[in-house]
Amino acid sequence: MLIDSHCHLHDREFYSEDEAEIAIKNAKENGIEKIVCIGTNHADSLAAQSFASAHENIFWTYGVHPGEWDDDREPPDFSLNPPVAIGEVGLDYHYGSEDKEEQKSLLREMLNLAKQYDLPLSFHIREAFDDFFTVLDEFPETHFKGVIHSFTDSKINLKKCLDYGFYIGVNGIATYAGVPLAPVEKILLETDAPFLVPAPFHKHHTEGDGSPIWGLVKNEPKYIKTIAGFVAEKSGLSLEVVASQTTKNVETLFRI
Ligand SMILES: [Zn+2]
């Protein structure tokens, strides 16, 4: 059994209702028995919520992505159907950093939400690890639980994340780029579908500057099996060990 700990299958911008149902069926046929749908803003999180409540073994998270710091949101009400985590939230300085302060204050807001509801977090941190740990230090009395989704940073920052106690989200990027790998006890497998199709299915070709062009194949939760196979090979473990350990990791963190 495997779990996709991070995808966007509920997002109708990427999947029609039929495509989403087919993806769920494909996932089951490939041994992916639970799927976590990640919210990226207030409205999208509510879409994840209703998609999850219409399906067995699909779970949802509530979050406002750092790129959406100006999201028009109301205080969420989790009384009927609580999320399994707050996410994806964090800091992303990849596209310039004019809105650093806004991103940081949004992150503080999301950390407070996690605190208030005693929930773990799914973090999106890109080129912003120093500020991320500085913001966490503002909460010395709280030890947050969470996963650093789509980790692609340095060995030093990997160690910092592991030392804090975070899990590390491994997805298709690891299958074609040199990403430092966490020990399997700390790995959550994720597709981030529809993005980041793993090798060899990604069929990428490169621009003049070497950056790949994506989007030729749409990612879906079934590719967790491919990512699990990659982690098994890299870690010198059997697929069964990787599957059972990473499943246990998601179930422990998200209490599902
Ligand atoms: Zn995502």
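I began with R255, which I found in the segment after α8 (239-254). In this predicted model, the phi of R255 is near 50°, a positive value in a residue other than glycine. I then checked its surroundings: R255 has 12 C-beta neighbours inside 10 Å and therefore counts as exposed, the cut-off being 12 or fewer.

I looked for another residue of this kind and noted E127, which has a positive phi of about 50° although it is not a glycine. E127 sits in the loop between β5 and α4 (129-137), and with 14 other C-beta atoms within 10 Å I recorded E127 as partly exposed.

Next I traced the sheet, in which eight strands follow the order β1-β2-β3-β4-β5-β6-β7-β8 with parallel pairing, and the sheet is open. Its edges are β1 (2-7) and β8 (187-189), each of which has a single partner strand, so one side of each is left without a neighbour in the sheet. From one strand to the next I read an average twist of 30°.

Within this sheet I followed β4 (residues 85-92) and β5 (residues 121-126), which pair in the parallel sense over six bridges; V89 has F123 in β5 as its bridge partner. I also looked up helix α2 (residues 42-53), which lies across β2 (32-37) and β3 (58-62) and runs at about 160° to β3.

Last, I turned to the cis peptide bonds. The bond from G87 to E88 is cis, with omega near 5°, and E88 belongs to strand β4. The bond from A193 to P194 is also cis, with omega near 15°, and I located P194 in the loop between β8 and β9 (205-206).

Technical notes. Residues are numbered from 1 along each chain as its sequence is written. This is a predicted model: local features need pLDDT of at least 70, side-chain atom pairs count only at pLDDT 80 or more; totals for chains, interfaces and linings use all residues. Two strands pair if DSSP finds at least two bridges between them. Helices (H or I, at least four residues) and strands (E, at least two) are DSSP runs, numbered from the N terminus. Axes are lines fitted to C-alpha atoms, for helices over the stretch in contact, and angles run from 0 to 180 degrees between N-to-C directions. Two residues are in contact if their C-beta atoms, placed from the backbone, lie within 7 Å. A residue is buried if 20 or more other C-beta atoms lie within 10 Å of its own, exposed if 12 or fewer, and partly exposed in between; C-beta atoms are placed from the backbone.
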